[in-house]
Amino acid sequence: ELDTLDPVTRGFVLRASILTELWPSVCQSLAPEVDAGAMLAEVERSNLFLYRLDDAGPRYRFHQLFAEFLQQRLNEEEGSKAVAALHYAAAQRLESEGIPDLAVRHYFAAGALGEAERVMKPLHGDRLTSRLAYAFRDLVLRLPEDVQRRSEKQYELLTTMTMSGFSEAEMGKKPKAVTCRAIPDHNSEFSDGRTAAPARLHLVR
């Protein structure tokens, strides 16, 4: 069905597939040549596995399996550097709109650990809410080992900042142990919607 779309719509859905939640403004940063709001509404009407998350505003999500398919095709056609650039653009827009947890996810997916650190740093300690603390912790703990080794000092700082939002009791509630295996397709989506960089991780329980 993807290959039956016109080139403009096809390019839009491929680029937008990197997002776990699709807002017109963020999609616009990925596809500035189109009217993202109108395009999202048209894609929804076309039954392209896109559904609206709520009635409060134009916020959408692709069906998970379709999103994974689109991300694979995007990486095959555009390459990992182009995909990383899309994640970076999405992160910048999300940061400007005051959505730090999603911004950090995309900075990680772009391999921009320094930018992730910059967004997280003002939020650590007393200013780090439980929701953000858990989101950041899960992201940091799921970075591939090769990324941790390449940026060891930065990884340690990120870990320290995320853990500073937890009490001693909460620190004992560590996530279920997982083994992370990097799949070199640079697909950034986990099955539960989380992201990591620079490659997709397969979690083995």
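This is a predicted model: local features need pLDDT of at least 70, side-chain atom pairs count only at pLDDT 80 or more; totals for chains, interfaces and linings use all residues.

## Helix α4 and its end

Several α4 residues are buried, namely Phe66, Ala67, Glu68, Leu70, Gln71, Arg73, Leu74 and Asn75.

## Packing against α5

Helix α5 (residues 80–96) packs with α4 at an angle of about 120°, and their axes are 7 Å apart. That angle makes α4 oblique to α5. On the α4 side, the contact involves Leu74, Asn75 and Glu78, while α5 brings Ser80, Ala82, Val83 and Leu86. Sorted by class, this contact has four nonpolar, two polar and one charged residues.

## Salt bridges

Searching the whole structure gives twelve salt bridges. One of them pairs Glu33 with Arg15, their closest N and O atoms being 2.6 Å apart. Because Glu33 sits in the loop between α2 and α3 and Arg15 in helix α1, the pair ties together parts 18 residues apart in sequence. Glu33 is exposed, at 52% relative accessible area.

Another bridge joins Arg59 and Glu21, with 2.9 Å between the closest N and O atoms. This pair links distant parts of the chain, 38 residues apart: Arg59 is in the loop between β1 and β2, and Glu21 in the loop between α1 and α2. Glu21 is buried, with a relative accessible area of 18%.

Within it, the side chains of Asp3 and Arg10 meet at 3.2 Å, N to O. Asp3 is exposed, with a relative accessible area of 54%, whereas Arg10 is buried at 17%.

Definitions and conventions:
Residues are numbered from 1 along each chain as its sequence is written. Side-chain values use heavy atoms; hydrogens and water are left out. Buried means under 20% relative accessible area, exposed over 50%, partly exposed in between (1.4 Å probe, protein chains only). Helices (H or I, at least four residues) and strands (E, at least two) are DSSP runs, numbered from the N terminus. Axes are lines fitted to C-alpha atoms, for helices over the stretch in contact, and angles run from 0 to 180 degrees between N-to-C directions. Angles under 35 degrees count as roughly parallel, over 145 as roughly antiparallel, 65 to 115 as roughly perpendicular and the rest as oblique. Contact means heavy atoms within 4.5 Å. Ala, Val, Leu, Ile, Met, Phe, Trp, Tyr, Cys and Pro count as nonpolar, Asp, Glu, Lys and Arg as charged, and the others, Gly among them, as polar. A salt bridge is a side-chain nitrogen of Lys or Arg within 4 Å of a carboxyl oxygen of Asp or Glu.
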